[in-house]
Amino acid sequence: MKLRKQVTVCGGAIFCVAVFSLYLMLDRVQHDPARRQSGGNFPRSQISVLQNRIEQLEQLLEENHQIISHIKDSVMELTDTGAVSPSGHLPFRSANGSWVLPFDGRPTFLAVKPQDCQFAAGSRGQADVQMLDVYSLLKFDNPDGGVWKQGFDITYEPEEWDNEPLQVFVVPHSHNDPGWIKTFDKYFTDQTQHILNNMVVKLAEDPRRKFIWSEISFFSKWWETADIHKQEAMRKLILGGQLEIVTGGWVMTDEANVHYFAMIDQLIEGHQWLERNLGITPRSGWAVDPFGHSATMPYLLKRANLTSMLIQRVHYSIKKHFASTRSLEFMWRQSWDTGSSTDIFCHMMPFYSYDVPHTCGPDPKICCQFDFKRLPGGRINCPWKVPPKTVVEANVAERAHLLLDQYRKKSKLYRSKVLLVPLGDDFRYDKALEWDQQYTNYQKLFDYMNSHPEMHVQAQFGTLSEYFNAVYKAHGAAQGSRPADYPVLSGDFFAYADREDHYWTGYFTSRPFYKSLDRVIESHLRGAEILYSLAVANARHAGMEGRYPVSDYALLVDARRSVGLFQHHDAITGTAKENVVIDYGTKLLRSLIGLKRVIINAAHFLVMKNKEFYPTPPPSCASDCFFLLSTRYLVLFNPVEQERLCAVTVLVNTVRVRVLTEDGQTLPVQLSAQWSTASQMSATFMVRLPPLGLAVFHLYDSPDSPMTLRSDTLLRVSGRDVTARATDPLPVRSQQSDPQTFYISSQSLTLGFSGTTGLLEVCLLSTLTSVEFISDHDLDFPISSDCWIKVNMTCLSIKRKDDPQEVKVQMQFMVYGTRPSKDKSGAYLFLPDGKAKPYNQKEPPVVRVVEGPLFSEVVAHYQHFQQTIRIHNVPGVDGLSIDITTMVDIRDQTNKELAMRMVTDIQSGDVFYTDLNGFQMQPRRHYLKLPLQANFYPMPSQAYIQDSHHRLTLHTAQSLGVTSLESGQLEVIMDRRLMQDDNRGLGQGLKDNKKTANRFRLLLERRSTGNKMMDSATNSFPSILSHMTNAFLNHEVLALPVLPKRRGIPPLQTFAPLKSILPCDFHLLNLRSIQSQDPHSPSPYTALILHRLVLDCGLEAQNLGFNCTTTQGQVRAIKTHQTPWTQAPGPRRPQTGNRGV
């Protein structure tokens, strides 16, 4: 009753102040001399007086607004005297010392249909060639093969082509790296623009001349600088079939480190450009330089309507094996595909390189003689000391027969009498002379061959698709379909070795700072795309399209292209020159700044209650600013498509902070020291955020509240001079370290740490209710006092675990050196000097232990790294995994590589699992017959080991190299500092290391007692919890502090765009506004890209903190509160609506 009286009194006070203020304003306006002028026409001398009066009136309104804001804060404090949470309880410590938090009590459920589990259990694709089997079969030896050093001697009978002549397609090409030794812009200025300028002239000279081009980043830059006549000439060449655009991506993407979001985005950007400017769609893929090939790429190309593809960099032993079985051309099928819907025809080049000496046939000494750029007098020559000869009438017969012999031998490695012969190399054809040298001499050879029937050959220039079409025709197969007797292959082609034991596994980790930066910007790009699309749709619905800054679209386009450029196979790989890396970084940073502007503008528009206030300048700053006393609001963006219950941390400059929800409920806050500066501290609070939505919170300076709790901090140091001290406002205790294991715990996890090293030793899963599947029922049951699970499965039983299970998870840090011989590790290669040695330092580490109601953490400080292990005491996804951040700084090291190794008691044997591009999981096996470096694989998003009881998954926020060298181990290379080049063309080592934060989530899951389903030899899938953990790690909540402006803050409200929840086995990959003909403005269309996830239901169901349902892959039109979303029209955009991780 007393509280109601206070509210009534304060409300009345607000009303009285408002009425009195308005009275004063009207009174002053009435006494304004300017108002007494007759009519509406003022003398010029009075206009300035009127302006001044209007400004005074505006100032009075502003003052009134500020008065009301202050009174509102006072009312909030008066109504919040209880300072309790939505549930009406205060945080408290349980009997075991862990904190118990008040929660909003909203029930959550899990409803997974049986069919959505059966896919994971039954998805065993049928393939003739499974790459895991190939690895088991091969010896990986390297005997001398003669002229084809890594192969074998090839023989043939002269009459083999009597009935069916050999068809030869010579395909001229120029591989243009968008950055490597030179920057993207420098390459364009020095070489690429000349290649394209010469192309327009030289191809037009003879309609028989053909060429292929891949990189749209370069092609679009040339197009923008070319005049209308060159553009028309180029368009004529393309439409006439003389020039083919292959793959059509913004770059020829790396396939190891890239995330499938970026793979698709750069492919869309290239295809959209081609559609808008040329009206064409690529039909064939061309990937001659990525350092190994992922199974994700053929899937995406197939979904983008390509029918055929080519790859080159594959382990030389695998190439030899495929050549010996004539399996170099195959249908590449996804391992989960039980039919053939994912099949795409793939051609594997058989020899060492894509340069001319290694493409006409098995003998590079002979093939080099047909690279006419190497004619005597030029800048390059043949290393085999036999130069090319200009083709003249006197030697054409001898030259033609010599070349035909190579063609025939190469054709013996394939199943058709159609032969592909690429003709090019890096940045070839930049001089008009080379165009004349290559085309003129080859045309003479073709004319001679074709005019002599006894040679039984038809040779010509061709495009890649012309070659593939001829193969299909020779076998009577439709375009893109499987020719008779061609093998079906599943798997990938990692790791790549080009010779001896030189495995290209170092680049999986090289320059981790930029790999991490890339993923941060990808997440911002996705968030900006979603918010921009929602804001534009809302603006159109509200009739405010002209007022919303659609000019922000240019910032989106710039970011798309900068991120796309960085997916190039010499960019994200960390294998470019130092100055080129700086150029990439500059472009990415510029994009990040632009994306933050897009996010702020869109969020500002969407959370405003009254859109008529728009376009008031957005009262926001970037997410890295901190709260001053004057800050009032915080807007949080959840970029995940599911409701999110999580802990959010912001920086503040006072301990007198209180956090309220939009409806005035106080949230528990944990205050912690910010160790990098004494003027700031961190405030952590638990929030529930709508899917893809923006939530508004109120922060204000307030006296101490029982809902604001301070972290307990303990420093464990070695030495005799240890004294405990406490400083206000945040106390810190210290004690001498001892060897005893110490623990931190939450309601879900208990972690044990070594008293000596401060590193993780054990992990305990706390008591919980598990869900298993045994009968056909639809039941509701509580998983805890405030959360419910709803299960609709074929089987169900409930069994409570009375005792927590302890799993050994010991964290170790190891160091690799490099070989003392001439071949050493570099940007590409990993050539260690043996097994890793334990990391050692003379002084014991300083260990900081922080405990509190919302999170607890242990920070171990070492000379070259600082590891923070944190657990969140919140229900749902965030509370079920371990947050690991390892800050690495090895800038004072020489030829060292730092590794983080986890040693567990999980009986994983020699099998482990790594992801391919964050899209699918690939089983791996540790082979003792291979050198240590051959057992490392890329880990773009996760890796795990498992046995019949547990699965341990390491989720990562940046791509790194990973392996499992012993049963129960996972090992990740964190950073590499190498002082020399590894002789792959870069000409530099890796000496530009930066202090880098590598971020992970470690998830320990139990297999259901009644469901011991183990993965097949070829397939494995994450659980729903694992999927969501990865999404939370890679798409963090974006905090947008609202700074008060001179005019005050207009009313804000939470924006929740989805009217109904999206099935939790669907990931909204992107909501991407499509370009109009003007590249800097959007069209009315938006691409909705969905990815259906495969769930391993054999792991215990957990409380995810949100309602999770599946619908057997059915998704109705996604309705927001304003707009129904469907996929934009047009077949040229890749879709990932099928299966993957």
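Here are some notes on the disulfides, salt bridges and aromatic contacts in this structure.

1. First, some ground rules. This is a predicted model, so to speak of local features a pLDDT of at least 70 is needed, side-chain atom pairs count only at pLDDT 80 or more, and totals for chains, interfaces and linings use all residues. Residues are numbered from 1 along each chain as its sequence is written, and side-chain values use heavy atoms, with hydrogens and water left out.

2. Let's start with the cysteines. A disulfide here is a pair of cysteine sulfur atoms within 2.5 Å, and by that rule the count comes to 4. One of them joins Cys117 to Cys1097, with 2.0 Å from S to S. This pair links distant parts of the chain, 980 residues apart: Cys117 sits in helix H3 (residues 114-122), while Cys1097 is in the loop between strand S48 (1082-1092) and strand S49 (1108-1109). Helices (H or I, at least four residues) and strands (E, at least two) are DSSP runs, numbered from the N terminus.

3. Staying with that pair, the torsion about the S-S bond of Cys117 and Cys1097 is about -80 degrees, so this disulfide is left-handed. Are its two ends buried or exposed? Cys117 is buried at 12% relative accessible area, and Cys1097 is buried at 11%. Buried means under 20% relative accessible area, exposed means over 50%, and partly exposed is in between (1.4 Å probe, protein chains only).

4. Another disulfide is formed by Cys368 and Cys382, whose sulfur atoms are 2.0 Å apart. Cys368 and Cys382 are 14 residues apart, and each lies in the loop between helix H11 (364-367) and helix H12 (396-411). The link is left-handed, with -105 degrees about the S-S bond, and both Cys368 and Cys382 are buried.

5. The sulfur atoms of Cys1064 and Cys1108 are 1.8 Å apart. Cys1064 is in the loop between strand S46 (1038-1042) and strand S47 (1066-1075), and Cys1108 is in strand S49, so the pair ties together parts that are 44 residues apart in sequence. Both Cys1064 and Cys1108 are buried.

6. On to charges. A salt bridge is a side-chain nitrogen of Lys or Arg within 4 Å of a carboxyl oxygen of Asp or Glu, and the structure holds 52 of them. Take Lys409 and Asp405, whose closest N and O atoms are 3.4 Å apart. Both residues lie in helix H12, 4 residues apart, which is about one turn of the helix.

7. Lys431 makes a salt bridge with Asp430, the closest N and O atoms being 3.4 Å apart.

8. Arg1001 lies in strand S45 (residues 996-1006) and Asp878 in the loop between strand S35 (865-872) and strand S36 (882-888), so the pair ties together parts that are 123 residues apart in sequence. Arg1001 is buried at 6%, and Asp878 is buried at 4%. Elsewhere on the list, Glu224, Asp265, Glu269, Arg561 and Arg1072 are linked in a network of salt bridges.

9. Now the rings. Those of Phe, Tyr and Trp (its six-membered ring) pair if their centres lie within 6.5 Å; planes under 30 degrees apart count as stacked, over 60 as edge-to-face and the rest as tilted. A search of the whole structure finds 59 aromatic pairs. For Tyr156 and Trp161, the ring centres are 5.4 Å apart and the planes are at 75 degrees, so the pair is edge-to-face. Tyr156 is partly exposed at 21%, while Trp161 is buried at 2%.

10. The rings of Tyr816 and Phe936 have centres 6.4 Å apart and planes at 80 degrees, so this pair is edge-to-face. It links distant parts of the chain, 120 residues apart: Tyr816 is in strand S31 (residues 805-816) and Phe936 in the loop between strand S39 (920-925) and strand S40 (937-939). Tyr816 is buried at 0%, as is Phe936 at 1%.

11. Finally, one aromatic cluster is formed by Phe211, Phe370, Phe372, Tyr429, Trp435, Tyr439, Tyr442, Phe446 and Phe461.
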